[in-house]
Amino acid sequence: MDDENITVTVSVRNLVEFILRSGDIDNTRSHTDTDAMQEGARIHRKIQKSMPEGYRAEVPLKTVKIIQREDREGTLALTVEGRADGIWKLNDDVIIDEIKSTYLSLDRITEAVPVHEAQAKCYACIYASDEGLSEIGVQLTYCNIDTEEIKRFNSSFTSTELNDWFEGVIKEYAKWLFWEADWKKIRNESVKGLEFPFPYRPGQRELVGNVYKTITRGRKLFIEAPTGVGKTVSTVFPSVWNVGEGKASKIFYLTAKNIARTVAEDTFALLGAKGLKFRYVTLTAKDKICVLEKPDCNPKACPRACGHEDRVNDCVFDLLTHEEEINRDLILKYSEKHNVCPFEMSLDVSLWADAVICDYNYAFDPDACLKRFFSEDKKNDFIFLIDEAHNLLERSREMYSAELIKEDFLTVKKEVAPLSKRLEKQLDMCNKAMLSLKRECDEFQVWEQADDLYNKILRAFSVFEDFLDSTPVGFEGKDDALDLFFDMRRFLEVYEGMDEAYRIYTDYTDKGYFRIKLLCMEPASKLKKIMGNTKASILFSATLLPMNYYKEQLGGNEDDYAIYAPSPFSAEKRVVMIGRDVSTRYVRRTKEEYLKVSSYIEEFVKAKKGNYMVFFSSYKMMEDVLAASDRLQEWCIENMEEVPDPSDGNDRVEKDSYDLAEKMPENDKSGFDKNDPGIKKDIEIMIQRRDMNEKQKEEFLNAFKEKPDSTLVGFAVMGGAFSEGIDLTGDRLTGAVIVGCGLPMVGNEKELFKFYFDEKSGTGFEYAYLYPGMNKVMQSAGRVIRTVDDVGAILLLDERFGNPQYTELFPREWFPYTTVNLSTMKERLKDFYDRQ
């Protein structure tokens, strides 16, 4: 393509689904309601074979249209191609047959779906032009997959009508392509003059080069890069260059946490300040950007859902032609202007963005993925930048798993009974199938298959779909019904895609409810398939250790690249110590051990005035250590207002867990009142609570000030909100104490993982407990040194930290470390701080 002449190829289906989209957003419709692809292929072939003589199936058609620019010299050569399901010559007539398979009842299809008819009209226009026909017929054939019942809609058009209509469609599409070509020219020119925005740190130039070469070669790269290396800019910069050189078309910056998305936005903004022209959009979760109090995406509940598809293209084009930096506020502004859903509109904007910053699930979750990019099993030229990649393992296991609760069927069955006896009966059948499983499950049971339940749910799901489509929007129990509907849909999808990397089990929830779960043990094959369809994937984290474990579990191949980026920090600015004379093993958890732990904490934070974090393996451990130490209680400035949730920690929390204030002497209770007007203590402790909202979390972090006039200690939980993804630079964090190895609580599901990997590779303990636990330890300790100017101390408290099985997982920058007791720790800290 030269500067002013553009060549583009588009499929008939993609053309009409973009330009001629219409209708509502409706979350009560299954993803299978219009064109069930796999079953549809079988139905197509059966219908095609049943047609009489003169019917040709799967006929390839193509046309090239030349469109002149209206604003200046230049043309667009647009190739439109596709494959007609059937062309039927009946006497002197010619009919284009478009076949659509569906799970919907055909009674609900009263006319041809406009976008389906448009697809057939494109084929008709192309064929009539090629054959010189003055008139041609169009037939829409709908077939229900379950019943194989068929309904047809027929119409005919003159070639003049079709040509005029087709030219209008092409002209509308051309305006988008001309805009895109103009923007890409501006973008690519800006990339040519773009330089790295900072002086390179040691090893950073090599890191940038490795990322660039990996993308150019179309491979995967796993990067273990300590904090401060500059992972974000070191991956974004070479990716931008690849896009500007035409080696890739789009960057997906995939993250697990909001803070990482902010860092990515700041990086693109920084490059923009250096002259880069690069459109990027951040996708905000639906519940955070929805205009309703709670998302309810159907035309009965949301006025913006009604007719959204008719208006959204005008909205997106308006935004693209008037704005360069596309942020959340602009999405809200333009969606309000055009009365469309801001969430769905942001997804459409992503089609035209050079970079998309979003959560993992938009690329990997089968329910939430951007199907406009990833639904078809074909190779594309996208770049995946996967930040904090260690989080992708657990997240992807969740994405590819599903569960159902028996009691949910009973609840919804009662709620829909007055409205639909048919659905009530189907849900009762599902409940009975669950009851059959329950009778054979005392506490925990593993199953080879659940075919009977699957078949019951499959039958009920179709009835459920009809019910939701025909029932008034405000019926009582609607939220429960929708939740169960989506849970059933997910269960069906996961069950149909299960392989040897799955286990099926039943058990009981904390509330005593009976549950069946389809558990993904290894997501590697699914991740590999998705990343295999991209140009390149860069997976990076400060805690991607052991590298071979993450490479294996995250879908890497043996020949994929892996590198360890050197730390830019001087070893003289960090001290790592291990206290081996204490233990957090479950059998050693006594008041004596808790007092040892508290003594270490007390002396550690007294060594130097500053800000500290103490990370515990669970809330229960944190409670017990606090309750054992009068001194720590005196320092507390916040009460733990609620009993911690067991799901937030790694150890079992007893039901009769106590309130610390009740266990304290009366004269000490004022120390828990943050509004107490008493004299400010020299050392104060704040406590993470499980129920903190976003504002409270922000207030917690904001309490860590630069150049503090007293010592502040934050008590938090490993794996929680404050152990990862936060930056307390400079004097805002002086040191961290890690209490325990972070090993997950022993439970049925963890033991299932252990047994699975023991059978497969003899690595059950490592994969189920050790590696996930040590990752939490490394993430927590990583809060200490964030910039090249930071100075900090790390204390690891547990005898196991000295064992080779654990020390071999330490990152390189933790060496050399020092084994200490309470006395030598004080000496080591004094010596360390004196040398700074």
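A residue is called buried when its relative accessible area is under 20%, exposed when it is over 50%, and partly exposed in between. The legends below use these words for a predicted model.

**Figure 1. H308 is a buried residue of helix α9 in the predicted model.** Helix α9 covers residues 308–320, and H308 is found in this helix. H308 has a relative accessibility of 0%, so it counts as buried. Leaving aside residues up to four places away in sequence, H308 touches G23, I25, V340, C341, E344, M345 and D348. One of these partners, M345, is also listed among the residues with the most contacts inside the largest nonpolar core.

**Figure 2. The whole chain is shown for orientation before the remaining close-up views.** The chain contains 29 helices and 24 strands. The C-alpha trace spans about 100 × 70 × 55 Å along its principal axes. A compact globule of 836 residues would have a radius of gyration near 28 Å, and the value of 30 Å for this chain agrees with that. Of the 836 residues, 55% are buried. Among contacts between residues at least 6 apart in sequence, 79% join residues at least 24 apart. The accessible surface comes to about 37,000 Å², and carbon and sulfur atoms account for 47% of it. The chain carries 116 positive and 147 negative side chains, and the centres of these two sets lie 2 Å apart.

**Figure 3. The largest nonpolar core of the chain has 191 residues.** Within this core, the residues with the most contacts are L78, M345, F364, I386, F464, M488 and L796. Helix α4 (residues 159–192) supplies the largest share of the core, namely 12 residues. L78 touches V8, V10, T63, V64, K65, I67, I170, Y173 and L177, when residues up to four places away in sequence are not counted. Another core, of 37 residues, lies apart from the largest one, and its members include Y619, L632, V737 and Y833.

**Figure 4. C125 is a buried residue of helix α3.** Helix α3 runs over residues 114–131 and includes C125. The relative accessible area of C125 is 4%; because this value is under 20%, C125 counts as buried. C125 touches L162, N163 and F166, not counting residues up to four places away in sequence. C125 and F166 are 41 residues apart in sequence, while their C-alpha atoms are 7.3 Å apart in space.

**Figure 5. Helices α14 and α22 are each largely enclosed by the rest of the structure.** Helix α22 spans residues 619–628, and nine of its 10 residues are buried, so the helix is largely enclosed. The buried residues of α22 are Y619, K620, M621, M622, E623, D624, V625, L626 and A628. One of them, Y619, also belongs to the core of 37 residues. Helix α14 spans residues 390–399, and seven of its 10 residues are buried, so this helix too is largely enclosed. In α14 the buried residues are H390, N391, L392, L393, S396, R397 and M399.

Figure 6. P546 is placed in the loop between strand β16 (536–541) and helix α20 (547–553). P816 is placed in the loop between helix α28 (804–807) and strand β24 (818–820).

**Figure 7. E58 and N339 have positive phi values although neither is a glycine.** The phi of E58 is about 55 degrees. E58 is part of strand β2, which covers residues 55–68. With a relative accessibility of 31%, E58 counts as partly exposed, because this value lies between the limits of 20% and 50%. The phi of N339 is near 55 degrees. N339 is found in the loop between helix α10 (328–338) and helix α11 (342–350). N339 has a relative accessibility of 34% and therefore also counts as partly exposed.

How values were computed. Residues numbered from 1 in each chain as written. Predicted model: local features only at pLDDT ≥ 70, side-chain atom pairs only at ≥ 80, totals over all residues. Heavy atoms only, no water. Helix = DSSP H or I, 4+ residues; strand = E, 2+ residues; numbered from the N terminus. Rg over C-alpha atoms; globule rule 2.2 N^0.38 Å. Buried < 20%, exposed > 50% of the residue type's maximum accessible area, 1.4 Å probe, protein only. Contact = heavy atoms within 4.5 Å. Areas by Shrake-Rupley, 256 points an atom, 1.4 Å probe, with all protein chains shown as cover. Lys, Arg positive; Asp, Glu negative; His and termini not counted. Charge placed at Lys NZ, Arg CZ, Asp CG, Glu CD. Core = buried A, V, L, I, M, F, W, Y, C linked by side-chain atoms within 4.5 Å.
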